[in-house]
Amino acid sequence: MAERTAVIASRVGLHARPAAIFAEAAGELDLEVTIAREGEPADEALDASSILSLMGLGAEHGTTVVLRAEGEGADAALEQLVGILETDHDAE
């Protein structure tokens with residue numbers, strides 16, 4: 001299983017617009033991707049393609065999260081998703 005950490009860069013955290021951008025990208029993948037706050041057990045990770053799950057995560061600016069996926073292309077997919085999380089979409 002591939003795993004990456006990312007620090008939430010958007011000033012409002014993983015809410016509304018940043019969550020929608022991330023969930024759409026995760027949903028377009030042929031992989032199941034999960035997200036959790038750093039330090040939480042892997043079995044409590046949430047579906048990364050669900051906007052409601054992302055907003056319920058409570059990830060604010062500067063929060064470190066862990067992304068996990070398994071399957072062909074998981075490493076590249078997670079790198080793409082980390083890039084989305086580490087971009088301040090509120091500054092655009």
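**A buried arginine and the helices around the core**

At 10% relative accessibility, arginine 68 counts as buried, where buried means under 20% relative accessible area, exposed over 50% and partly exposed in between (1.4 Å probe, protein chains only). The model is a predicted one, in which local features need pLDDT of at least 70 and side-chain atom pairs pLDDT 80 or more, while totals for chains, interfaces and linings use all residues. Residues are numbered from 1 along each chain as its sequence is written, and side-chain values use heavy atoms, with hydrogens and water left out.

Arginine 68 sits in strand β4, which covers residues 64-69; helices (H or I, at least four residues) and strands (E, at least two) are DSSP runs numbered from the N terminus. Its side chain makes a polar contact of 3.0 Å with the side chain of glutamate 3. Such a contact is a pair of N or O atoms within 3.5 Å; within protein, one must be able to donate a hydrogen and the other to accept it, and residues adjacent in sequence count only if both atoms are side-chain atoms. Leaving aside residues up to four places away in sequence, arginine 68 also touches several others, among them Met1, Glu32, Thr34, Glu40 and Leu78, a contact being heavy atoms within 4.5 Å.

Stepping back, the chain has three helices and four strands, and from the N terminus on they run β-α-β-β-α-β-α. The radius of gyration (over C-alpha atoms) is 12 Å, close to the 12 Å given by the globule rule for 92 residues, so the chain is as compact as a globular protein of that length; the rule is 2.2 Å times the number of residues to the power 0.38. The C-alpha atoms fill a box of roughly 35 × 25 × 20 Å along the principal axes. Of the 92 residues, 42% are buried. Among contacts with a separation of 6 or more, 78% link residues 24 or more positions apart.

Helix α1 (residues 16-27) has end C-alpha atoms 16 Å apart, in agreement with the 16 Å that its 12 residues should span at 1.5 Å a residue, counting one less than the number of residues. Pro18, Ala19, Phe22, Ala23, Ala25 and Ala26 are its buried residues. Seen down the axis, they fall within an arc of 165°, so they line one face of α1; the arc uses the directions from the helix axis to the C-beta atoms. They pack against β2, α2, β4 and α3. On the face turned away from the buried side, α1 carries the exposed residues Ala16 and Glu24. Alanine 20, also in α1, counts as partly exposed at 31% relative accessibility.

Helix α3 likewise has 12 residues and reaches 16 Å from its first C-alpha to its last. Its buried residues are Ala74, Ala77, Leu78, Leu81, Val82, Ile84 and Leu85. They cover an arc of only 155° around the axis, which puts them on the same side of α3. That set packs against β1, α1, β2 and β4.

What, then, of the largest nonpolar core? It has 27 residues, and Leu14, Phe22, Ile35, Leu81 and Leu85 have the most contacts inside it; a core is a set of buried Ala, Val, Leu, Ile, Met, Phe, Trp, Tyr and Cys residues joined through side-chain atoms within 4.5 Å. β1, α1, β2, β4 and α3 each give two or more residues to this core, with the largest share, seven residues, coming from α3. Beyond four places in sequence, phenylalanine 22 touches Ile35, Ala48, Leu54, Leu67, Leu81, Ile84 and Leu85.
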